[in-house]
Amino acid sequence: MLIGHPPRPAIAMTFDLVLNVAAAGILTGLVYGLMALGLSVIFGVTRIVNFAHGEMMTAAMYGAVLLFATVKLDPLLAAIPIGAALAVFGYALQSAVINPFIDRPEHSQFMLMVAVAIVLVNGLLMIFGPNAQNVMVGYAFDSYQLGPLLIDATRAYAGAAALLVAGLLFAFFRFARLGKAIRACADNQFGAAVVGLPVKRLYALTFALGSACLGVAGCLLVLMIDVSPPLGPAMTLLAFVIVIVGGLGSMTGALVGGVLIGLSEALAGLVVPPSAKSMVSFAILILVLLFRPQGLVGRRA
Amino acid sequence: MLRVEGLDLFYGDAQALDGVTFEVKEREIVAVVGANGAGKSSLIRTIHGMHRPRAGSIRFEGRDIVGQPSHRICELGIGQVAEGRQIFPSLTVLENLEMGAALRRARAQEKASLERVFGLFPRLAERRRQAAGTLSGGEQQMLAIGRCLMGCPRLVMFDEPSLGLAPIVVYDVFEVIRRLNREEGITVVLVEQNVAQSLRFADRGYVIENGRIVMEGSGPALLADDGIRRAYVGL
């Protein structure tokens, strides 16, 4: 007798099915993109690689679960207080813990961020336990029909909200004086100090902004997937794959990379078992590293 | 206006400044000249709060500014045009200038400052929407000066403004510095390797060697000194 995978039900791989899966993947990918955008903004300006990225987002997801369980707050609305809470956390983390490390060698920054990640994930484990939790909103099973497309309401809202927040962030960096000052720091840190920009405070603000993106992304993601502490490291890795595919430090790259990875994960789910679908993301990562090491949208360093 | 006394600066174990004492009076042009690595940039950066001295005092209008962060020192009215221009290459010319006016002391006059800078450098007005990284070296130096002026400084420290520029452009840069000094009363500290030109240009000069001030005097007097002519001017 053959031992192995249980036989999978034969699904007719119609064009419609592929189209539907692709649409779902793109919407999920926008949320991934928002998460990666946070990482990319932080790295692009402070040159700090946030190894606690996924863990911070997981904490945000638990925040959304908690707010839903206690006061029935919809995660779409919880995104506002949780985004703000993560911003405060990010600001404090940068100004109290990371700023003293700015001039230290990279490996000590790396160890610092890994330590923050481990503290976070174990803290979550102690508080919430190892079981997966989720949020069951009233519209969890609603969907929209768009021609041949059948789109989950949760995914549609999450994707749209991610796009909106990303758009706001782009506008902030393009038009606001503070946004331009942060870009100036990213462009030339010494030059920023020369003209009297408060570089360390701007770094902390950048960390706050990147963390706020994460907070929002966590709230959106909790509409689509269950949360458990091990999701933290997995999401950190995913965020890295996305920013490297898209182009480290490039904001557009983070979004493009997010959509691409979301799409490829979803489509891979059609042909390989779900547990193996991240294989495809890593295959894409290897191809990008081989043939376009600066990332799809990134400039050559 | 600015008084530096007994300034010692170390990078690790290496001493970069050794008991530097010098003074700048209001509306003066003071040149600090010396060879590459003599400590000229270290001096400017220490005054501007970028390095912390081990000993000594820096007083600006009577107030000790040692230990203050750069942005506070800028708020007092000390500007710097740094070596290598240090513009923001991916920001537009206009955005670069805006960043110069981010200081609290300068915000109210931002519009007037912009007109003044565009009047001084019409080239920058023409290229205001262009990314600053696409400007020529001379234009970037103009931008760096303009950006500094946007902060309404009363004293400006120029660090090697002639470095890497064509002689004709160097002439323009020095001319602009002179105008700022004469017409707007901006006090100038000029740090240069270009010894002959800057001593001819300055009211007073200091010669710095291995982090130590070895000579001071009026520009012409220093220029006439045999030792200096042999060591720096090549005559």
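Student: Which residue of β4(B) does B:Val4 stand opposite?

Tutor: In this predicted model, B:Val4 has B:Ile58 of β4(B) opposite.

Student: How do you know that strand β1 and strand β4 of chain B pair?

Tutor: Pairing requires at least two bridges. Five bridges join β1 (residues 2-11) to β4 (residues 55-60) of chain B, so by the criterion of at least two bridges they pair. The two strands run antiparallel, and they belong to an open sheet of four strands in the order β2-β1-β4-β5 (chain B).

Student: What makes β2 and β5 of chain B edge strands?

Tutor: Both β2 (14-24) and β5 (63-64) of chain B pair on one side only.

Student: How do you know that β3 and β9 of chain B pair?

Tutor: Four bridges link β3 (residues 29-33) with β9 (residues 204-209) of chain B; the definition asks for at least two, so they pair. These strands run parallel, and B:Val32 stands opposite B:Tyr206 in β9(B).

Student: What is the strand order in the open sheet of six strands in chain B?

Tutor: The order is β6-β7-β8-β3-β9-β10 (chain B), with mixed pairing. Because β6 (78-81) and β10 (212-218) of chain B each have a single partner strand, one side of each lacks a neighbour in the sheet.

Student: What makes helix α11 of chain B stand out in pLDDT?

Tutor: Among the elements of chain B, helix α11 (residues 226-233) has the lowest mean pLDDT, 76. For chain B the mean is 91.

Technical notes:
Residues are numbered from 1 along each chain as its sequence is written. Chains are lettered from A and ligands numbered from 1 in the order in which they are written. This is a predicted model: local features need pLDDT of at least 70, side-chain atom pairs count only at pLDDT 80 or more; totals for chains, interfaces and linings use all residues. pLDDT is the predictor's confidence in each residue, from 0 to 100.
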